[in-house]
Amino acid sequence: MSDRLLRPGDKIRFKCGRSGVCCSSGPNVSLTVYDICRISKYLGVDWRELAGKKVYVVVADYVPIPILRGLNNKCVFLEYKNGIPTCTIYPARPMRCRLFPFIPVSPGNKRVVRVSSICPSVGKGPLIEPPWRLLEVYYEEVKAHYSKVMELVLNGGLDPVEALEKVLDEVCEKGEDWHWDLRKLEETW
């Protein structure tokens with residue numbers, strides 16, 4: 001079954017059934033520096049505490065891509081409590097997780113979103129529109145993330161991982177804007 005594309009005005013039936021499929025299908029969740037800073041702040045640790053243990057970086061052609069770590073094809077933050085899949089960082093979960101089963105297509109095309117074909121809850125529950133405002137916020141973060149990092153790589157002469165670390169230090173230290181208000185972010189859905 002292939003993923004379906006939705007545009008503004010399109011609706012789909014969806015209500016999360018807590019199957020854990022989304023957290024057990026890889027994971028291959030790319031992160032932005034904002035995701036990493038939110039997670040580290042939520043856990044009360046410096047972002048460096050997540051490096052290698054919870055987050056790793058793949059460098060592809062000078063582009064450092066932070067990725068949520070998986071263990072046995074399950075997200076490192078997934079736990080089962082009384083047999084129910086539970087995210088241990090749910091309030092600070094990455095934007096890609098927050099958007100699921102809606103999958104961003106391109107920051108250059110905010111008017112289309114893909115619906116995951118692996119989510120067993122798609123087609124069940126109330127008829128809803130995708131979270132377009134949250135998708136817009138995610139794209140703003142993606143653009144800021146890659147602009148800052150790639151500026152340091154392409155014009156600042158930094159190694160890709162060094163550039164990512166420098167941006168993480170700057171963004172996590174700043175941390176006073178709306179990117180850190182988890183309650184407001186949750187309401188954006």
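Two strands pair if DSSP finds at least two bridges between them. Helices (H or I, at least four residues) and strands (E, at least two) are DSSP runs, numbered from the N terminus. The model is predicted: local features need pLDDT of at least 70, side-chain atom pairs count only at pLDDT 80 or more, and totals for chains, interfaces and linings use all residues. Residues are numbered from 1 along each chain as its sequence is written, and side-chain values use heavy atoms, with hydrogens and water left out.

**View A. Strand 10 pairs with strand 9 and is joined by bridges to strand 1.**
Strands 9 and 10 are antiparallel, with four bridges. A hairpin of two residues links strand 9 to strand 10. Phe102 has Val115 of strand 10 as its bridge partner. Strand 1 (residues 4-6) also runs antiparallel to strand 10 (residues 109-115), through three bridges. There, Leu6 is partnered by Val113.

Pro101 sits in the loop between helix 2 (95-99) and strand 9 (102-106).

**View C. The largest nonpolar core holds 25 residues.**
A nonpolar core is a set of buried Ala, Val, Leu, Ile, Met, Phe, Trp, Tyr and Cys residues joined through side-chain atoms within 4.5 Å. Buried means under 20% relative accessible area, exposed over 50%, and partly exposed in between (1.4 Å probe, protein chains only). Val33, Ile36, Phe77, Val149 and Leu168 touch the most other members. Helix 1 (33-43), helix 3 (132-154) and helix 4 (160-174) each give two or more residues to this core. A second, separate core has 18 residues, including Phe14, Leu134, Tyr138 and Tyr139.

**View D. Contacts of Phe77.**
Contact means heavy atoms within 4.5 Å. Neighbours within four places in sequence are left aside. Phe77 then contacts Ile39, Leu43, Lys54, Leu68, Thr86, Cys87, Thr88 and Ile89.

**View E. Ser40 in helix 1.**
Ser40 counts as buried because its relative accessibility is 5%. Not counting residues up to four places away in sequence, Ser40 touches Val45, Asp46, Trp47, Leu50 and Cys172.

**View F. Helix 1 crosses helix 3.**
Two packed helices are described by the angle between their axes and the distance between the axes. Here the axes come within 8 Å and cross at roughly 105 degrees. Axes are lines fitted to C-alpha atoms, for helices over the stretch in contact, and angles run from 0 to 180 degrees between N-to-C directions. Helix 1 and helix 3 are therefore roughly perpendicular (angles under 35 degrees count as roughly parallel, over 145 as roughly antiparallel, 65 to 115 as roughly perpendicular and the rest as oblique). Helix 1 contributes Val33, Tyr34 and Arg38 to the contact, and helix 3 contributes Glu141, Ala144, His145 and Lys148.

**View G. Positive phi at Arg18 and Asn73.**
Arg18 is not a glycine, yet its phi is near 55 degrees. Arg18 lies in the loop between strand 2 (12-14) and helix 1. Its relative accessibility is 45%, so Arg18 counts as partly exposed. Asn73, also not a glycine, has a phi of about 65 degrees. The loop between strand 5 (70-71) and strand 6 (74-75) holds Asn73.

**View H. Glu170 in helix 4.**
Glu170 is partly exposed, with a relative accessible area of 44%. Its C-alpha atom is separated by 18 Å from that of Asp181, eleven residues apart along the chain.
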